[in-house]
Amino acid sequence: MEMHHYLRLTFILLFVITALFCAYFIIKRGQNRQTPKLLSQEKYNSSMSGGMKEIAISDSFFNIWPYVSELKAAKILSKKIKESELVHKVYRNSTEDFEHILLTTEKENQFVEVVVDKNKKKVLGYLFLNL
């Protein structure tokens, strides 16, 4: 075989190896996507220290919508519910460290409660709530 055949085979082999590496990392990245975290009962109870009081929805400081998108993508919340009707109530604990945001579901008296840590400015997780 001539030299250009070896070069061509070498480039094809490098292309295949590079494509396999890219496919591997794309698959790994898809598997490592964070899904919304279901809160344990202990962590939920610790966020309710000192009692809870209802606040106006407009008084909530946290931008919940990126997390709501994650909940919808994970099929925890239905995509059929309009965003304007999604937030049912917002509660804040007496130390004002945590907010509990109740999101409506398709079933009556069943909610998804999202717990937000105001100090860390992040969502702790969610919990199903039946009233």
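A: Contact here means heavy atoms within 4.5 Å. The model is predicted.

Q: Which residues does Leu77 touch under that cut-off, leaving out those up to four places away in sequence?
A: Leu77 touches Val68, Leu71, Lys72, Leu86, Leu103, Thr104, Thr105 and Val112.

Q: What makes a set of residues such as the one holding Leu77 a nonpolar core?
A: Its members must be buried nonpolar residues, joined through side-chain atoms within 4.5 Å. The largest nonpolar core has 19 residues. Leu71, Leu77, Ile101, Leu103, Val112, Val114 and Tyr126 touch the most other members. Helix α3 (65–73) and strands β2 (87–93), β3 (98–104), β4 (110–117) and β5 (122–130) each supply at least two residues of this core. Apart from it lies another core, of six residues, among them Tyr44, Phe98, Val115 and Leu127. In soluble globular proteins, nonpolar side chains tend to be buried together.

Q: Why is Lys89 with Glu54 called a salt bridge?
A: The test is a side-chain nitrogen of Lys or Arg within 4 Å of a carboxyl oxygen of Asp or Glu. The closest N and O atoms of Lys89 and Glu54 are 3.5 Å apart. That value is within 4 Å, so the pair qualifies.

Q: What makes this pair a link between distant parts of the chain?
A: Lys89 is in strand β2 and Glu54 in strand β1 (residues 52–55). They are 35 residues apart.

Q: How do you know that Lys89 and Glu54 are partly exposed?
A: Lys89 has 27%. Glu54 has 46%. Both values fall in that range, so both residues count as partly exposed.

Q: How many salt bridges does the structure hold?
A: It holds two. Glu99 and Arg92 also form one, at 2.5 Å from N to O. That is within 4 Å, so the label applies. Glu99 and Arg92 are both buried. Side chains of opposite charge can pair when their charged atoms come close.

Q: Why does Glu113 have no salt bridge?
A: Glu113, in strand β4, is buried. The nearest side chain of opposite charge, Arg92, is 12 Å away.

Q: What sets Glu96 and Lys121 apart in backbone phi?
A: Phi of Glu96 is near 60°, and phi of Lys121 is near 55°. Each is a positive value in a residue other than glycine. Most residues other than glycine have a negative phi. Glu96 is found in the loop between β2 and β3, and Lys121 in the loop between β4 and β5.

Methods. Residues numbered from 1 in each chain as written. Predicted model: local features only at pLDDT ≥ 70, side-chain atom pairs only at ≥ 80, totals over all residues. Heavy atoms only, no water. Buried < 20%, exposed > 50% of the residue type's maximum accessible area, 1.4 Å probe, protein only. Helix = DSSP H or I, 4+ residues; strand = E, 2+ residues; numbered from the N terminus. Lys, Arg positive; Asp, Glu negative; His and termini not counted.
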